[in-house]
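Hello,

Here is the model for you to look at.

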Amino acid sequence: MTANALTQRVRVKTMMPPGHIRTPAYVRGKVGEIERTLGPFGNPEQLVYGIDAERLPLLRVRFTMAEVWGDAAERPSDTLDAEIYAHWLEEVD
Amino acid sequence: MRMTKTGDVDSFRLPPYGHEMTEFTGKRWHDMGGDDAGPMNGHAPTDDHDNALWEKRVDALLVLCSGKGLFTVDGLRRGIEDLGPEAFETMTYYERWIASVNQNLVEGEIYTLAELGERMDSVAKRGDTYGIATHDG
């Protein structure tokens, strides 16, 4: 997904490949809103292995605690921001 | 694990060489956000502490290596993750760093393991007190 194509609401992909990943497992599959766009930065999934890194937008995505933790959220309307590379995000209709 | 008689060839077919797949997940051990952590044990340190000279040298080595473009701090992190969770119980902070620095330099073809081994031997021959600075800092 490119920076221009990003809608306001995005879902973090649920894929779970082995290796160095910066996307926290606990937000995978969760829906949030883009708070701002950062970068572009070299893809750390390539940098860590010494490979020439593709430069990607980094999105700061805001999730509600209710979305991330479900019924276990102590303050459901509190929010959590996570910075996630564009290739981990998909549009939500 | 199947119980077998001594000498039975099956006794060598222990997991992971058996037929059953293990429960695999790509989630790595360090990605522990949201996991149950259990109760807090022990107490947090309250005193400031200084790093030993060798630890400062390891830190400087990373700065020099990344400045030369030999590898990045991203590679350092990956190397530490690759050590596995037990390394956090058995190795100190900068011991994990130097293990990862070495891994990255070998992978980056900066030196070979044979060259490293020869160099470690020659440095060891200098004696235990070589390299101990009289002034730390």
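Predicted model: local features only at pLDDT ≥ 70, side-chain atom pairs only at ≥ 80, totals over all residues.

Residues are numbered from 1 along each chain as its sequence is written, chains are lettered from A and ligands numbered from 1 in the order written, and side-chain values use heavy atoms, without hydrogens and water.

Over all chains there are twelve salt bridges (a side-chain nitrogen of Lys or Arg within 4 Å of a carboxyl oxygen of Asp or Glu).

One of them pairs Arg22(A) with Asp74(B), with 2.7 Å between the closest N and O atoms. The pair crosses between chains, from the loop between β1 (9–12) and β2 (31–42) of chain A to helix α2 (residues 73–82) of chain B. Helices (H or I, at least four residues) and strands (E, at least two) are DSSP runs, numbered from the N terminus. Arg22(A) is partly exposed at 27% relative accessible area, while Asp74(B) is buried at 12% (buried is under 20%, exposed over 50%, partly exposed in between; 1.4 Å probe, protein chains only).

Within chain A, Arg60(A) bridges to Glu83(A), the closest N and O atoms being 2.8 Å apart. Arg60(A) is in strand β3 (residues 55–64) and Glu83(A) in strand β4 (residues 79–85), so the pair ties together parts 23 residues apart in sequence.

In chain B, Glu81(B) bridges to Arg28(B) at 3.0 Å between the closest N and O atoms. Salt bridges with shared partners join Arg28(B), Arg78(B), Glu81(B), Asp82(B) and Glu107(B) into one network.

Regards
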